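Here are some notes to read slowly, with the structure open beside you. Please find each place on the model before moving to the next point.

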Amino acid sequence: MKQILIILFLAGVCYSQKTNIEIIKQSGKEYYWGEGSANRVKEAERAALTQVTESIAVKITSLFRRKVSEGGNGLNDNVERVMKTYSGATLKNVNFIREKKSSGYYVFCYISRNEVDKIFQERKKLLRDLALKADEFYKDNSYGYALKYNFYALLLMNSIPEQNIYSGDINLTTEIPSRINNIISDIKFSVEYDKKRGEGEREIGLRVTSQKGDIRNLEITFWTGNNEAEAMVSDGFVSFDLFGASTQFHKLDINVKYVYTYCKDEIKEVGELWDLVAHPIFKAEKTIRFDEKNGGTAAPETEPVQSSASGKITNSVYSVELSAGGDCPEIIKAEIQKNSVKLIDILGDKPVMTLSEAVLNDPFLISKVSNLKKYNRLKLPDFTNTPSLNQVFSGWEMRSFPVRNTYRTLGKQIMENLVLDFDTSGKSYDINFGLPVSLYRDFKEQSKYTGDWDKRHVIIRFLERYRTSFMTRDLEAIDKMFAEKAVIIVGRILKDNSLKDVGKLYEQIPDVEYIRMTKDQYIEKQRRLFALREDIHLGFSTLKITRKNKQDGVYGISMRQHYNSTGYADEGFLFLLVDFNHELPQIYVRSWQPQEWDEKELIRLSNFTLYD
């Protein structure tokens with residue numbers, strides 16, 4: 001009897017579903033619907049959703065007329081392709097009816113036409129998030145990132161059929177293009193130096209400013225006479241080389257970059273829309289005029305000189321005016337100056353191994369400098385600089401020593417700052433890529449309120465060594481930085497919270513769709529990547545340091561990381577949980593969340609408790 005009741009109940013359900021399907025199909029303009037059959041239910045769902053998006057696209061095509069690029073198959077085809085960038089996860093108000101058939105699965109899905117506007121809500125949220133982040137970068141004088149994210153927001157806007165999109169009372173449809181134009185017009189270039197480097201080579205240094213001061217970051221392109229070159233501004237300065245016919249230029253047309261094609265896939269939706277929607281065009285060209293008489297002054301050929309009395313370090317291409325911090329004794333300062341000259345020569349054109357005696361036969365330092373040069377193709381820009389000399393727990397650091405890195409396969413010349421380390425006697429013992437001067441200055445200023453600059457300085461130096469280890473492919477150093485039971489998480493956060501136990505960690509983190517690796521797995525992955533990629537550069541656009549309450553020496557370091565390598569670029573949030581209660585600080589958690597913008601969805605320090 002029970003079996004008969006169950007059969008009758010299931011028959012009633014099937015009849016009801018069929019009735020609903022027929023009612024919906026015959027409802028005329030009340031619903032968008034689609035159906036699909038396949039051996040697997042997910043494939044049938046995908047086919048049904050495709051029909052829904054296609055039918056929505058037909059309805060709203062006229063609204064997209066000014067926003068979508070007309071491809072080879074016309075406007076209608078491209079509107080359909082734009083609609084398909086809205087994933088099934090976005091179509092939250094779609095209803096499904098699923099049936100098991102003898103031949104597989106049948107899925108019917110439908111959505112009320114009155115609910116269609118809700119499809120675009122998440123896209124609008126991402127757009128507003130990008131516009132907000134771009135405005136934060138603009139206020140911070142980080143014009144490169146401000147231009148990039150404003151432009152990405154425009155592309156997202158062109159995938160939404162509404163003509164005007166608001167954030168509060170601000171009409172983003174008109175506001176974002178206006179912001180881009182204002183940023184570009186505010187950028188000013190001035191010639192810092194213009195030097196010939198013999199026949200067929202010329203070096204240019206430019207100061208790059210806005211009304212608010214030095215521009216923190218910016219990418220520019222220029223024509224060299226036979227190809228386009230690219231350079232990156234850092235802390236208000238950029239240096240690059242001209243070769244061949246371009247060494248005779250009396251002016252140079254520089255384009256401020258706002259279209260970041262190479263990293264369009266950092267944000268999945270932007271990458272999917274890149275070839276489908278219209279790309280706004282902005283006037284971004286600036287003309288730089290040089291000395292019309294000789295197009296550059298020849299660099300003097302002089303022998304290295306060092307003067308402890310003046311605090312000035314000079315060699316044939318570089319001049320450093322030391323700014324001593326703390327109470328560095330004159331005898332130690334003189335030793336630091338002497339060793340600085342030797343390091344400058346090593347970083348320049350002289351072979352590392354021929355100068356092994358200059359660093360007292362230190363195998364570690366020789367290897368590190370060699371890898372700095374090998375993987376980043378360092379060059380010393382030709383201008384006077386005033387780095388600071390700061391006392392640290394292990395001796396002294398010379399901070400903010402500018403160099404230029406060149407990455408052939410990325411087509412980039414990038415300004416960086418080095419930090420040179422000296423022991424208590426003034427002997428060189430380490431060298432790392434430092435934070436941008438502006439970011440370092442911000443953290444020092446913030447420490448006036450937190451009162452923990454000594455600890456923050458240690459954390460900054462740790463982070464600089466961490467970054468340098470990747471840019472010099474030093475797996476041994478990376479291995480030592482991670483605790484043996486470190487947790488490495490790569491993924492994106494979903495909605496629900498959950499509790500997990502991981503080794504020495506207690507986690508209460510948002511549920512994650514992720515790849516979790518052990519330390520050994522992570523190191524092996526990096527080994528393969530280092531072998532495959534000719535060029536690797538990573539940088540940070542934001543940085544936040546948080547101290548763990550009631551756990552002295554435990555800090556969370558959160559940053560927005562930009563990763564560029566040969567054939568691959570990505571961006572996302574990097575979080576490190578570091579325990580500094582060791583002779584060598586230990587990373588217990590490294591989480592990488594690519595393409596994530598919602599700060600509420602980020603893994604952070606409060607998700608973890610470290611226990612013995």
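1. A polar contact is a pair of N or O atoms within 3.5 Å, and within protein one of them must be able to donate a hydrogen and the other to accept it. Please keep in mind throughout that this is a predicted model.

2. With that cut-off in hand, turn to N150, which lies in helix α5, residues 143-157. A polar atom of the N150 side chain is 3.0 Å from the backbone oxygen of A146. N150 counts as buried because its relative accessibility is 2%, and buried means under 20%. Leaving aside residues up to four places away in sequence, N150 touches A131, A134, I176, R179, I180 and I183.

3. Next, look at E397, which is found in strand β21, residues 395-407. Its relative accessibility is 0%, so E397 counts as buried. Which side chains make polar contacts with the side chain of E397? One is the side chain of H457, at 3.0 Å, and another is that of R461, where the polar contact is 2.8 Å. When residues up to four places away in sequence are not counted, the residues that E397 touches include H457 and R461, and among the others are S388, L389, N390, V392 and Y440.

4. Strand β21 is also the place of T406, and here the accessibility should be read with care. T406 has a relative accessible area of 25% and is therefore partly exposed, a class that runs between the buried limit of 20% and the exposed limit of 50%. Although T406 and L378 are 28 residues apart in sequence, their C-alpha atoms are 6.8 Å apart in space. Apart from residues up to four places away in sequence, T406 touches N376, R377, K412 and Q413.

5. Finally, consider the open sheet of three strands, which has the order β1-β3-β2 and antiparallel pairing. Why does one side of β1 (31-38), and likewise of β2 (95-101), lack a neighbour in the sheet? Both stand at the edges, each with a single partner strand, so one side of each is left without a neighbour there. From one strand to the next, the twist averages 15°.

6. Within this sheet, β2 pairs with strand β3, residues 104-112, in the antiparallel sense over seven bridges, and you can follow F96 to C109, its bridge partner in β3. Helix α2, residues 41-60, packs on the sheet and touches β1, β2 and β3, while the direction of helix α2 makes about 150° with that of β1.

Methods:
Residues numbered from 1 in each chain as written. Predicted model: local features only at pLDDT ≥ 70, side-chain atom pairs only at ≥ 80, totals over all residues. Heavy atoms only, no water. Helix = DSSP H or I, 4+ residues; strand = E, 2+ residues; numbered from the N terminus. Buried < 20%, exposed > 50% of the residue type's maximum accessible area, 1.4 Å probe, protein only. Contact = heavy atoms within 4.5 Å. Pairing = 2+ DSSP bridges. Axes fitted to C-alpha atoms, helices over the stretch in contact; angles between N-to-C directions.
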